[in-house]
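Subject: The model, and some notes on it

Hi,

Here is the structure I promised to pass on. Have a look, and my notes come after it.

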Amino acid sequence: MDQRSPTPDESFERRKSAIGIRMTLLYSLVYAGFVALSVFQPAWMGVRALFGLNLAVTYGLGLIILAILFALIYNQLCRVPNGSAGGSGAQTKGGRP
Amino acid sequence: MTVVVFLVFVALVLAVSSYTSRRARGVGGYFVANSSIPWGINGIAFAGGYLSVASFLGICGLIAFFGYDGFLYSIGFLAGWIVALFVIAEPMKRRGTFTFSDALNRTFNHPGIQLAAGLSVLVVSLFYLVPQMVGAGVLVEPLLGIPHYWGVIIVGSVVIVIVAGGGMTSTTYVQFFNGGLLLLVAATLTLAVLARGVGTADRPLEEGAGGVPSYQFRELPVRVQGDSVEVALDGVRTVDRHAVIDRYTGDEALVFYRLSHLVPAVSDGPDGYAADIKGRTVRLDGTSGPGWSVESRDGRQFVRIEEWWRLDTTGPPRLVETQARTVRSDGEVLLNGAPESPANRIRQMGGVSALPARYGERTGSVGPLRLLAVFADRDTVVQLPRATTFSTAAGERVTIHYEGALSGSTFMRPGLMFPLEARAGEPGITTLLNRLNFISLMLALFFGTSALPHILIRYYTVPSADAARKSTIVAIGGIGLFYILTMYLGVGAVASGALNPETSNMSAPLLARSFGEILFAITSGVAFTTVLATVSGLIMAASGAVAHDLMANIVRRPVSDTAKVRAGRIVAVVVGLVGIVLGIAFRDMNVSFLVGWAFAVAASANLPSLLFMLFWKKTTAQGIIASILVGIGSSVALILLSPDMWSRYGFDAATAPMPINQPGIVSIPLSFLVLVIVSLATQNRPQPVPRNS
């Protein structure tokens with residue numbers, strides 16, 4: 001494998017990739033919690049949670065809103081750092097290799 | 001009106017396509033829109049391509065008929081985008097140029113990978129294409145009054161024109177146009193639902209094009225003695241009794257009685273009668289027919305018909321009117337006791353029959369959270385269309401549509417469509433299999449989204465990895481908003497009392513019709529452009545896979561750019577034609593079910609290799625090829641051996657070799673496992689020289 005020291009761009013890519021994987025794992029846990037509750041404790045899903053809504057609706061809407069929030073947070077974290085020439089945008093105009 | 005609006009939408013789509021097609025020159029222009037689509041437009045195009053007719057019509061219908069369980073699809077369909085954004089989007093753009101196989105093959109440059117990946121794109125695209133085509137037919141049949149196959153042919157032809165003519169550029173702008181319209185229509189309908197609120201008497205009585213008539217189902221007080229009932233109404237006789245297990249609750253028996261009763265009739269010309277059947281004047285030819293006959297009583301004329309009523313013993317015992325379609329042993333079909341005709345059609349059902357005391361009969365306008373809270377309240381009672389089918393001793397096949405009452409607290413939590421709770425008397429293995437089926441579906445939706453071919457190709461239409469990420473974020477915002485709105489469209493459809501008991505897919509257009517013909521026509525038109533947008537993306541993906549990946553392996557010599565584009569256009573025409581044939585052949589297949597399967601095949605075939613190629617250094621070309629082939633093979637085989645397919649072959653579903661319908665829980669881990677094992681076993685094989693990256 002490549003033994004040279006990574007360029008600023010490459011280390012930024014690695015950092016982004018690490019953040020992405022962590023956020024995916026975190027979201028997967030919240031999603032798995034939802035599936036597990038639906039399967040093993042469906043009665044709990046009927047319990048009243050926030051704003052007069054039951055847990056099923058709160059959790060379900062929450063999962064959608066959380067996805068949108070995560071996406072925005074990730075975008076903030078992915079902003080090109082100062083000193084990284086060209087950022088992560090490997091330009092491939094024209095669609096040719 | 002519907003026809004005019006419908007034609008306007010198709011014309012708009014073709015105009016967008018033709019205006020943008022001139023930019024589709026050259027191989028980059030045809031396959032990836034010169035990678036010059038701005039990220040905002042690409043993001044909405046993601047939404048327009050991804051939100052298929054299954055999301056719009058399918059999910060609204062499932063929520064309207066099964067409550068919260070329909071919304072589970074919304075959650076799963078959106079959650080998968082997290083994997084797409086965080087893991088797939090940027091590496092896919094950085095590593096590839098035209099197709100998903102480019103990215104997969106960048107490290108290995110192995111012809112086998114290109115072949116397997118191209119094959120996988122083709123299989124998944126076709127799997128996904130069938131439900132879209134079927135959906136188009138389902139849509140035009142009631143809307144335009146033309147046969148199912150015409151819907152399929154229209155979609156196929158328009159899409160062939162879009163894709164073969166304008167390639168990825170036209171496809172992108174058609175999807176952008178559709179994504180914007182879809183969000184606009186869903187938001188408008190939601191605002192209308194919130195402004196109207198919920199009322200216990202909301203049963204629209206007007207009748208219009210494409211809709212079904214409304215009707216207030218009657219009740220008859222009865223005295224129950226053992227298995228027989230006594231009805232205190234002149235001229236009524238009980239003909240038949242039939243008891244079935246309620247498949248929605250599992251343990252309660254439903255009892256139906258066939259009553260022979262009289263409906264008022266007047267002579268309508270020399271050779272027929274006009275009878276009053278379920279609120280409609282239905283013309284009957286002659287003085288008798290299969291199951292009906294004219295009778296005179298006290299100088300007045302009546303038609304004697306036979307109809308099925310459901311025994312309800314929750315309060316004072318009473319019979320509640322139902323609707324029934326009866327196929328007699330001689331092949332004659334009767335609807336509600338008389339021949340089906342434009343006047344005697346299926347009546348709409350559903351509605352809210354009780355609200356919490358503080359609202360009285362109407363809530364008035366409500367906010368978005370309040371509306372959901374009203375539906376989730378245990379004092380709210382919703383009436384949902386339910387159906388049961390059985391055979392009688394006389395050899396008739398009877399399908400009864402009745403309204404089932406349900407408390408809001410049951411309606412708005414999981415369990416109506418996926419029976420997850422253990423039921424009294426149910427074997428433990430059945431509960432376990434139901435749960436596995438559900439977990440399997442949720443797994444396929446989560447992992448399938450980012451592996452769908454028409455999603456993967458959209459990473460190459462933007463100029464940079466940054467733009468790929470940003471457009472994915474726009475997609476998540478737009479799609480997330482849309483799926484939240486599906487909840488309102490679904491419960492709004494129940495509140496409108498305008499459900500067609502024979503097809504849940506029409507719930508969203510029928511909800512729109514309860515607000516007026518214009519909204520109905522626009523909603524139906526947008527539903528149709530949704531099919532066009534998704535099918536264009538799928539055919540584009542298939543066209544790229546064949547022209548770019550498969551051809552390179554079959555021809556085995558450098559192919560000129562012009563030849564590639566020509567091949568791409570020819571493939572678009574061929575796949576479009578194949579889609580038309582399959583759409584007509586599979587017309588009776590359940591649309592949502594097929595989409596779930598397409599996700600499972602995509603997740604099993606593509607995702608393991610994508611993830612491992614990015615994150616596991618020991619991955620080998622052989623591992624990737626084996627994983628893709630085993631992923632496709634196992635998921636398709638398990639689908640073919642599933643209980644649902646087994647019953648389609650005419651066998652008993654319980655004897656199917658695969659006990660659950662959803663293959664993902666087996667095929668996804670299997671594909672991962674094969675990749676690891678084959679990669680470890682082929683560590684010492686010489687790997688092809690990597691391309692410079």
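Below are my notes on the chain contact and on some helix pairs.

Some housekeeping: this is a predicted model, so local features need pLDDT of at least 70 and side-chain atom pairs count only at pLDDT 80 or more, while totals for chains, interfaces and linings use all residues. Residues are numbered from 1 along each chain as its sequence is written, chains are lettered from A and ligands numbered from 1 in the order in which they are written, and side-chain values use heavy atoms, with hydrogens and water left out.

**Where A meets B**

Chain A puts 51 residues into the contact and chain B puts in 54 (contact means heavy atoms within 4.5 Å). Between them, about 4,300 Å² is buried, 71% of it from carbon and sulfur atoms; buried area here is the accessible area (1.4 Å probe) that two parts lose on being put together, summed over both. On the chain A side, Tyr31(A), Val39(A) and Ile64(A) supply 14% of the area that chain A buries against chain B, more than any other three residues.

How many salt bridges are there between chain A and chain B? The count is 1, with a salt bridge taken as a side-chain nitrogen of Lys or Arg within 4 Å of a carboxyl oxygen of Asp or Glu. Glu90(B) pairs with Lys16(A), and their closest N and O atoms are 2.5 Å apart. Over all chains, the structure holds 21 salt bridges. Glu90(B) sits in helix 5 (residues 68–95) of chain B and Lys16(A) in helix 1 (residues 8–40) of chain A, so this pair joins two chains. Helices are DSSP runs (H or I, at least four residues), numbered from the N terminus.

**Helix pairs in chain B**

Helix 9 (residues 368–376) of chain B packs on helix 13 (residues 465–496) of chain B at an angle of about 55°, with the axes 11 Å apart. Axes are lines fitted to C-alpha atoms over the stretch in contact, and angles run from 0 to 180 degrees between N-to-C directions. Helix 9 of chain B and helix 13 of chain B are therefore oblique to each other (under 35 degrees is roughly parallel, over 145 roughly antiparallel, 65 to 115 roughly perpendicular and the rest oblique). Ala, Val, Leu, Ile, Met, Phe, Trp, Tyr, Cys and Pro count as nonpolar, Asp, Glu, Lys and Arg as charged, and the others, Gly among them, as polar.

For helix 7 (residues 111–144) of chain B and helix 8 (residues 148–196) of chain B, the axes come within 7 Å and cross at roughly 125°. That makes helix 7 of chain B oblique to helix 8 of chain B. Their contact has 7 nonpolar, 4 polar and 1 charged residues.

Helix 15 (residues 517–555) of chain B and helix 16 (residues 561–585) of chain B pack at about 130°, axes 8 Å apart, and are therefore oblique to each other. This contact of helix 15 with helix 16 of chain B divides into 9 nonpolar, 4 polar and 1 charged.

Cheers
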